[in-house]
Amino acid sequence: MTLTERFLEYVRIPTSSDDKSSTVPTAEKEFVLARRLVEDMKEIGIEDAYVDEKCYVYGHIPATPGYEGKTKIGFIAHIDTSPDFADSPVNVQIHENYNGEDVPLTDSGRVITLKNFPHLAAMKGRTLITTDGYTLLGADDKAGVAEILYAVENLIASGEPHGPISIGFTPDEECGVSADNFNLEAFGAELAYTVDGGDEGEVVYENFNACSAAFEINGFNIHPGSAKDRMINASLVAMEINSMLPSGDTPRDTEGYEGFYHLCEMSGDVEKASLFYIVRDHRAANYAARQDTLRHIEKLINAKYGDGTAKLTIKESYRNMEEMIRPVFRVVEIAEKATRMAGIEPLNTPIRGGTDGARLSFMGLPTPNLGTGGYAFHGPYEHITVEGMEKSAEIIRNIIKLYAE
């Protein structure tokens, strides 16, 4: 089976996770692909492949005799797709010898434009894969799944010597909980790579420090005709809280290493109101300062309107994996060398988000993230090229080769 054939079969299997569910996995349908992957892994020679009761797939490729002492490395991808478009079948469009121009997505009215996606110009002549404009594609992260299996299938068939290799496929990454039930002992690697990034050639070891911040605001509702110096309008207090944050520290106004406060939800009336933010920053000191700013706002509001007017709850989400990867930076250097062997200069752009690798790194498994060749994830403009996937699979093979040397 070619890499493209494998990828296309996987994206047609619905596996959207459910961020409103508390079950593990969050959607029973994720088991359909998980069980299929076990069959495919056994077919290519990964004899111990299995799926556990929580929908995590594990498999191991024993070292070539004489290579048992090499570093135990692993590759990880997630099988679920974003909850967006959860009930819509994926209708794949293949654009062979892509002309490098804007791409109308059938009759949906949506167009993948060079203006919004300038990297398209460099893909002229490639085979471009898109949706019909009504769903996401699912390259996040079924491209990673297909690339890992394609790489190890060719490795096993070639007889090329290698050290011990672990494979892991996880559910519910899009809900942010896939690392919660990842069994490090069952996986059995010392170092690993998630294959869940964008551009082919990405070798990413930095991500945001992240938390959520929720304000619950208690007002005092009284008839407006006699409200002088007594009414506390919870909705107006919510607006005041938001106005106390730096106006330019939003996702729209920041890039690179710049952090932000992102107001995701707000609701309220005179009596009660709430604000829900996600807070992000790459630098630990800046991240801590952002949390201090929120706590200071809570203090000021309660001093102005009375204790209990504002209640702030901060919940940690994940941390910057660089902290755990720097001490074993060889894991990055080998991936960079493998990328150059494939004829690509590595991209180390920090992730403006999170990754399973961040959680796993803090659990004791240093795990940088590799690109898949995909773009515009989580929406109908998602696209990828056959050539990009093949380069990503080549980089995986090169990594295995380098660890065997």
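Tutor: Strands of a sheet pair through backbone hydrogen bonds, in either a parallel or an antiparallel arrangement. In this predicted model, strand β17 (residues 383–385) pairs with β16 in the antiparallel sense, over 2 bridges.

Student: Which residue of β17 is the bridge partner of Gly-374?

Tutor: The partner of Gly-374 is Ile-384. The two strands belong to an open sheet of 4 strands, whose order is β4-β7-β17-β16 and whose pairing is antiparallel. Its edge strands, each pairing on one side only, are β4 (93–95) and β16 (374–375).

Student: How many residues lie between β12 and β13 in their hairpin?

Tutor: There are 3 residues between them, and β12 (residues 260–268) pairs with β13 (residues 272–281) in the antiparallel sense over 8 bridges.

Student: At what angle do the axes of helices α8 and α10 cross?

Tutor: Two packed helices are described by the angle between their axes and by the distance between those axes. Here the axes of α8 (residues 330–341) and α10 (residues 386–404) come within 8 Å and cross at roughly 125°, and the two helices are therefore oblique to each other. Their crossing is right-handed. Among the residues making the contact are Ile-334 and Ala-338 of α8, together with Ile-395 and Leu-402 of α10.

Student: How do the residues of this contact divide into nonpolar, polar and charged?

Tutor: The contact of α8 with α10 comprises 9 nonpolar, 2 polar and 4 charged residues, with Arg-330 of α8 and Glu-394 of α10 also taking part.

Key. Residues numbered from 1 in each chain as written. Predicted model: local features only at pLDDT ≥ 70, side-chain atom pairs only at ≥ 80, totals over all residues. Heavy atoms only, no water. Axes fitted to C-alpha atoms, helices over the stretch in contact; angles between N-to-C directions. Parallel < 35°, antiparallel > 145°, perpendicular 65-115°, else oblique. Left-handed = near helix turned anticlockwise from the far one by under 90°. Contact = heavy atoms within 4.5 Å. Nonpolar A, V, L, I, M, F, W, Y, C, P; charged D, E, K, R; others polar. Pairing = 2+ DSSP bridges.
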